[in-house]
Amino acid sequence: MFLFKSLLGNPAQTEVVSIPGRFFVTRPQGLKGSKECIYQDAVASIRRTSREYNWSLVVTKSWGQDGEQLLSEEEETDDERPYLIDAEIAFASAPTRTQDQDDGPSTSFTWRDLSSGDVDEVCLFVCRSEGTRPETLLLFESLVYRAMYERQYSRSADHASEANLESYKRSSTLSRSAQQPLFRPPSSDEEDDDVSSQLANVSLSGPPASTRAPPVGAPPDLLAAGVVGATPRSSKGKGRASEIEPAPSAADTRDQIDKAVTLPPDRRNLISSETADLNLYDAATGVFMPQEKAVQASLWLVQGQKFPCWLTISGAGGRTWVSLPVDDQMPAAFNEDSLSFVFNYNNVETNQFFTWLLRLPDKESLDKLSEAFTRAFFEARNGAGQWAKLKTDEQRYSQDALIEDLDMYEPTADDEREAEAAEEDEKYEQAEEEQAQESDAALSDESEDESDAVSKPVGAKVNKLLAVGHKEEMSFVVRGDQIGVFRSNPEGRKKLKFVTNIQGISTPDGKRLFEPSKVMLHNQDATMVLADPMNPNSLYKLDLATGRVVDEWKISDNMAVHNFAPGSKFAPTTAEQTFVGMSRNGLFMVDPRLSGSKLVESQFKQYATKTDFAAAATTGSGHIAVVSDKGDIRLFDSLGKNAKTALPALGDAIKGVDTTADGRFVLATCKDYLLLIDTTIKDGKYAGQSGFERSFPAAAKPMPRRLQPKLEHRRFIGDVNFTVARFNAGLDSKEQNIITSTGDFVIIWDFKKVQKGKLDSYIIKRVGETIVADNFVFGKDNELVIASHRDVFQEVRQSLVKPTRESLAPTPRKARAVVKHYDADEFDV
C-alpha cells in the first residue's frame with residue numbers, strides 16, 4: 001500500500017511506471033486488414049493528466065531502437081498514443097508465447113480503443129521479457145485498476161478495498177470467440193502467429209451498467225468519444241506539463257452547466273425529438289466525456305422570440321442539461337461516420353464555453369436531427385416559415401452542408417509530395433534554426449524599437465491587401481496609399497527581401513491620392529489594376545516599372561464596379577488584356593483597348609433582381625464562378641449568358657471564391673466556414689460533365705463539403721472570421737493544399753485528404769498578430785506569404801502543426817507581433 005501511495009500520491013511525478021514491448025492494433029472490420037503492428041519498439045506508461053483523478057495509458061514509440069514505425073499511408077504518424085483509463089476499456093492481461101523465451105509465455109495487455117468509434121477495435125501490448133521483472137508487470141496492472149477506481153469515484157484509490165479493485169479485473173473478461181479467425185498473419189514468425197491468433201479470437205466486454213456510478217451527483221463517466229491531443233507533447237513524443245490552466249473539477253463543471261441553462265419559453269411546439277448519448281468536451285484531458293446515456297434531444301418552434309427555434313436536452317429525473325435558442329452563429333456539425341452531432345455554446349453573460357456531443361443510435365436518427373437543425377439554422381437567418389418555401393432539392397443541399405466525413409472522389413493523379421517531404425523537412429529545419437538565432441538577437445538588441453512598434457497610434461496605416469505575383473516570386477502589400485514590393489527569400493527564411501515602396505498612389509493627373517480597395521496583377525505582372533472607392537465607376541492602371549498610375553479606365557457612368565477577376569486563372573501570366581468585371585447585379589468583360597467605356601456590351605449580363613454579387617474566380621479555361629452576399633453560387637461557361645448552374649444559398653454571405661485550374665472544385669469562403677463543391681455531374685444525361693457547362697439535375701445537386709476548425713478547437717481559436725481561402729496554384733502544379741487564416745492563426749487543409757472525406761485534416765500555426773491576407777507562393781504548395789497588420793513574412797508549410805492545446809495556446813506578446821520580417825523603414829511611414 002505504501003508503494004501505491006508513493007506512486008499515485010505524488011503530484012510531481014507525472015509518469016509512474018513504464019514497461020517496454022511491442023504494440024499492435026486489430027480492426028476486424030478494417031479494409032486494410034485486421035492486424036497492424038503500430039510500433040515495433042514501444043514503451044507503455046501510466047501517466048497523470050492535468051485533471052485530478054484522471055490517468056492515461058500512453059504507448060510511445062521507442063526511438064532508441066532500430067525498428068521502424070509501421071503506419072499505413074493515410075494514417076497520422078504520431079509518436080505516441082494516449083488512452084484514457086476507465087473500466088470501459090476492459091483492460092486485461094493474457095499470456096503470449098514469444099520466440100525468444102523457452103521457459104513459458106510472456107505477458108501481454110489488451111484493452112479496447114474507445115476513441116476509435118469501433119467497438120471491435122482492440123489494442124495489444126506485448127511486454128518485452130528481457131529486462132522486465134514480473135513484479136513490474138504486476139504493479140503496472142494493479143495501477144491500471146486503481147486508476148479506474150479513482151476516475152469513477154473522483155477520490156484516491158487508497159479508499160478502495162481489495163474487493164473493489166478485484167471487481168474491475170473480473171469485469172474485464174477475455175472470452176474466446178467461436179468464430180473463425182478474421183485474418184491470417186502474413187509473417188511466419190512464431191511470435192507473430194501467437195499474437196495473431198490471440199487478437200483474432202479475443203472479444204472484450206466491459207463492466208455491467210449496474211457497477212457504474214450514476215450520471216447525476218457522481219463524476220462523469222470516462223468513455224472517450226474522441227482523443228484530441230490528450231497529453232501535450234514535444235516533437236519527440238515525451239509528455240510535459242501544459243502551460244494552460246487546468247479545467248475545473250467535475251463538481252465545478254456541473255455547477256457551471258446548471259448556471260448556463262435557460263428555461264425555454266412556455267409557448268412552444270415540438271419539431272423533432274431524438275434519443276442520444278450526451279458527451280461534454282473536457283479541455284483538461286482533451287476528450288469528450290459522457291454525461292448521461294439515453295437523453296432526449298428536442299428541437300422546439302417557439303413564439304415571441306428573436307430566434308424561432310429552441311434546443312433542450314433532458315435526462316433522467318427531469319434534469320435539463322442544455323436549454324438554449326438556436327441562433328444563426330451557433331457552431332455545429334454532424335458526422336455520419338461516428339453518428340454524432342457536435343455543437344458549441346458560449347454563454348456570454350457567464351463567460352462559460354461548452355462543446356457538447358450527441359451520439360445517435362443509428363443513421364435514421366441522425367438524418368432526422370440533421371434535417372431539424374438545418375431548418376432551425378436557416379430560419380434563424382431568414383425568419384420563421386422560410387424553410388418551407390424552399391424546394392426539396394434546395395433543402396437537401398442545405399442539409400448536406402452540415403454533414404461531415406463523406407468521400408468526394410478518389411484522386412487518381414500521382415502524388416509526389418511524400419517523396420519530397422524528407423528533403424523539404426531538412427531544408428526547413430536548417431532555415432528554422434538560423435532564423436531562431438536571428439530572432440533571439442532581434443528580440444534582445446531591438447527591444448526599444450519593438451516597444452515603439454507595439455504602441456503605434458490607432459490611426460496608423462496598416463496592411464490591408466496582398467497580391468502574390470506570378471514571376472520572380474514577388475509579393476505586393478497595400479498599406480494606405482502605398483504599395484510595398486517584396487521578393488521571397490530563396491533560402492526559405494521568414495524574412496522577405498524588400499524591393500521597393502510605391503508611395504503616393506494617385507489619379508493619373510496626380511491631383512488626388514487614394515487608397516486602393518482592390519488590386520489585381522495584370523499583363524505578365526507588368527501592371528496592376530486598382531479600384532478607387534471614391535470613384536467606383538472607373539478602374540486604374542498602375543505601371544509597376546515606374547510606380548505611377550498611368551491610365552483611368554472608365555467602365556460606366558451609372559454602374560459601380562464592385563469586383564474583378566482575371567479572364568482565366570493563369571491569364572496574368574500572359575499578355576491577355578481583357579478581364580472579368582462585376583457590379584452588384586451584373587457581370588461583364590472589360591477590354592482596356594476600347595475607346596470610351598471599357599465595358600464589352602456583347603459580354604454583359606445584367607440581372608433585374610438584386611443579386612448582391614460579391615466576388616468571382618475563373619478556371620484555366622475561362623469558366624467563371626460567382627458568389628454573392630446572399631450565399632448563392634453561380635457557374636458560367638462564358639460571359640453574356642445565364643448561369644449554367646445556380647446553387648442555392650445556405651443563408652451565410654460568401655466573401656470570396658477560388659477554383660481549381662481544371663474547374664473540378666469550387667472553394668467558397670464564408671465568415672466561419674469554407675464550402676468545397678465538386679462540380680462534376682454524377683447522374684443523368686450529362687453525367688461526367690461539369691456544372692460550368694451543363695445544369696445539374698434538380699434532384700442531383702452537388703453535396704457541399706463544409707470545412708471549419710473542429711468545434712473543440714474553437715474554444716482556443718475564438719471567433720472565426722476567415723480570410724479568403726485559396727488553393728495553391730501554378731502552371732505545372734496540382735492543387736494540394738488550401739490556405740486561409742482567422743485572427744492570428746494561419747490554417748492549411750490537406751486537399752488530397754479532404755477529397756477523401758477527412759475534413760479535419762488541417763494544420764495550424766499561431767503567428768502572434770492578426771492576419772489580413774495570405775497565399776501560397778505561385779507554383780509552390782509548401783511556401784506561404786502572410787501579411788498581418790504591421791508585418792509581411794513568409795513561412796513554410798512544415799512550420800504548421802496539428803492543432804493541440806499546446807499549439808493553440810497564446811503566443812507570448814514579445815514574439816512575432818513586434819518583430820519586423822523585412823528591412824524597409826520607408827514602408828513603415
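Two strands pair if DSSP finds at least two bridges between them; the strands themselves (E, at least two residues) and the helices (H or I, at least four) are DSSP runs, numbered from the N terminus. What you're looking at is a predicted model, so local features need pLDDT of at least 70 and side-chain atom pairs count only at pLDDT 80 or more, while totals for chains, interfaces and linings use all residues. Residues are numbered from 1 along each chain as its sequence is written, and side-chain values use heavy atoms, with hydrogens and water left out.

**The hairpin of β30 and β31.** Strand β30 (residues 613-618) and strand β31 (residues 624-628) pair in the antiparallel sense over 5 bridges. Look for Ala-617, whose bridge partner in β31 is Ala-625. Between the strands sit 5 residues, and Gly-622 takes a positive phi near 95° in this hairpin. With 6 of its 6 residues buried, β30 is largely enclosed by the rest of the structure (buried is under 20% relative accessible area, exposed over 50%, partly exposed in between, using a 1.4 Å probe and protein chains only).

**Phe-23 and its aromatic pairs with Tyr-39 and Tyr-83.** A search of the whole structure turns up 28 aromatic pairs. Rings of Phe, Tyr and Trp (its six-membered ring) pair if their centres lie within 6.5 Å, with planes under 30 degrees apart called stacked, over 60 edge-to-face and the rest tilted. Phe-23 and Tyr-39 make a tilted pair, at 6.0 Å centre to centre and 35° between the planes. Phe-23 belongs to strand β1 (residues 15-26) and Tyr-39 to strand β2 (residues 35-48), so the pair ties together parts 16 residues apart in sequence. Phe-23 counts as buried at 0% relative accessibility, and Tyr-39 counts as buried at 0% too. The pair of Phe-23 with Tyr-83 is edge-to-face, with 6.3 Å between centres and 65° between planes. That pair links distant parts of the chain, 60 residues apart, as Tyr-83 is in strand β4 (residues 80-84). Tyr-83 is buried, like Phe-23.

**The largest nonpolar core, with 37 residues.** Such a core is a set of buried Ala, Val, Leu, Ile, Met, Phe, Trp, Tyr and Cys residues joined through side-chain atoms within 4.5 Å. Phe-23, Phe-91, Trp-111 and Phe-140 touch the most other members. At least two residues each come from β1, β2, β3 (55-61), β6 (106-112), β7 (122-127), α2 (134-153) and α3 (162-171). Helix α2 gives the most, with 9 residues. Leaving aside neighbours within four places in sequence, Phe-140 has contacts (heavy atoms within 4.5 Å) that include Val-17, Ile-19, Ala-44, Leu-57 and Phe-109. A second, separate core has 30 residues, among them Leu-280, Leu-366, Leu-369 and Phe-373.

**Charges over the rings of Tyr-607 and Tyr-673.** Here a charge sits over a ring if NZ of Lys or CZ of Arg is within 6 Å of the ring centre and within 35 degrees of the ring normal. Lys-605 lies over the face of Tyr-607, 5.1 Å from the ring centre. Arg-706 lies over the face of Tyr-673, at 3.7 Å from the ring centre.

**An open sheet of 4 strands.** The order is β38-β39-β40-β41, and the pairing is antiparallel. β38 (726-727) and β41 (762-766) stand at the edges with a single partner strand each, so one side of each has no neighbour in the sheet. β38 is joined to strand β39 (residues 737-742) by 2 bridges. Phe-727 stands opposite Ile-738 in β39.
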